[in-house]
Structures are given as C-alpha cells and as structure tokens.
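This report describes how one protein chain is put together. The sequence and model come first, and the description follows.

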Amino acid sequence: MKRRRVKVQALPEHLVRSETWHGLRQGDPVEIAGPSVRGASWRFQAHVRNTRNGAESVEVVGGGPGEHHVRSFLPDQVFPLGGRRRGGPSLAEAPQLPLG
C-alpha cells in the first residue's frame, strides 16, 4: 500500500509543542485511560499547550497491533506504563521527574 505524502503545516504561534513532559521523552511507552483498543500500545509523542486558553493535550502514537495512529488525550488520561492497572495517579497528577 502506497502512502500519500502529506504537506505538514507549521503550528500556529499560540500552540507550544514540547517533546518532553513530566519525565517523559518522545517514544516512551504510556497507558491511556478511556476508549480501549484490545492489544493497543501507545508511545508519548508530545505535550501541546494552547497559550490563548491554557488548554493542554498529550499526543501519543500507536494503537492496535500493526497500527500507527496519532491521537491526542487530556493529560489526566495519560499514565506511566503499568500505572493505570495498579490504580496509580496519572502523569498530570504525579509527574515522573528524575531525582537529582
């Protein structure tokens, strides 16, 4: 299957995108609370903040086996790997910042 080239547009100035957030770096595995996909796995992509209204979202990439979808979730829906099943707090509530 051929993929079409998609023209990528620059983000509007009021959106601030960061490839690190609360101890995560791009590619780190995370768990998502919300609509579940059987066998889905997700990796952190970026944190986005709207400077006009303060809204925040977390971009992740992944999905079911063999899928590569980019999705955005609210910060309180994003958990460290294994944290959601243990009933732990989301990364928005308890950042996984390095000690030191």
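Val60 has Arg71 of strand 7 as its bridge partner. Strands here are DSSP runs of E with at least two residues, and helices are runs of H or I with at least four, both numbered from the N terminus. The model is predicted: local features need pLDDT of at least 70, side-chain atom pairs count only at pLDDT 80 or more, and totals for chains, interfaces and linings use all residues. Residues are numbered from 1 along each chain as its sequence is written, and side-chain values use heavy atoms, with hydrogens and water left out.

Strand 6 pairs with strand 5 and with strand 7, as the table sets out. Two strands pair if DSSP finds at least two bridges between them.

| Pair | Bridges | Direction | Residues between the strands | Residue with positive phi |
|---|---|---|---|---|
| Strand 5 and strand 6 | 8 bridges | antiparallel | 5 residues | Gly54, near 80 degrees |
| Strand 6 and strand 7 | 5 bridges | antiparallel | 5 residues | Gly66, near 80 degrees |

In soluble globular proteins, nonpolar side chains tend to be buried together.

Beyond its neighbours within four places in sequence, Val58 is in contact (heavy atoms within 4.5 Å) with residues including Trp21, Phe44, Phe73 and Val78.

Pro29 lies in strand 4, which covers residues 29-32. Pro29 counts as partly exposed because its relative accessibility is 33%. Leaving aside neighbours within four places in sequence, Pro29 is in contact with Trp42, Arg43 and Leu81. Its C-alpha atom is separated by 7.5 Å from that of Ser41, 12 residues away along the chain.

Taken as a whole, the protein has 8 strands and 0 helices. Of its 100 residues, 32% count as buried. Among contacts between residues at least 6 apart in sequence, 47% join residues at least 24 apart.

Definitions and conventions. Buried < 20%, exposed > 50% of the residue type's maximum accessible area, 1.4 Å probe, protein only.
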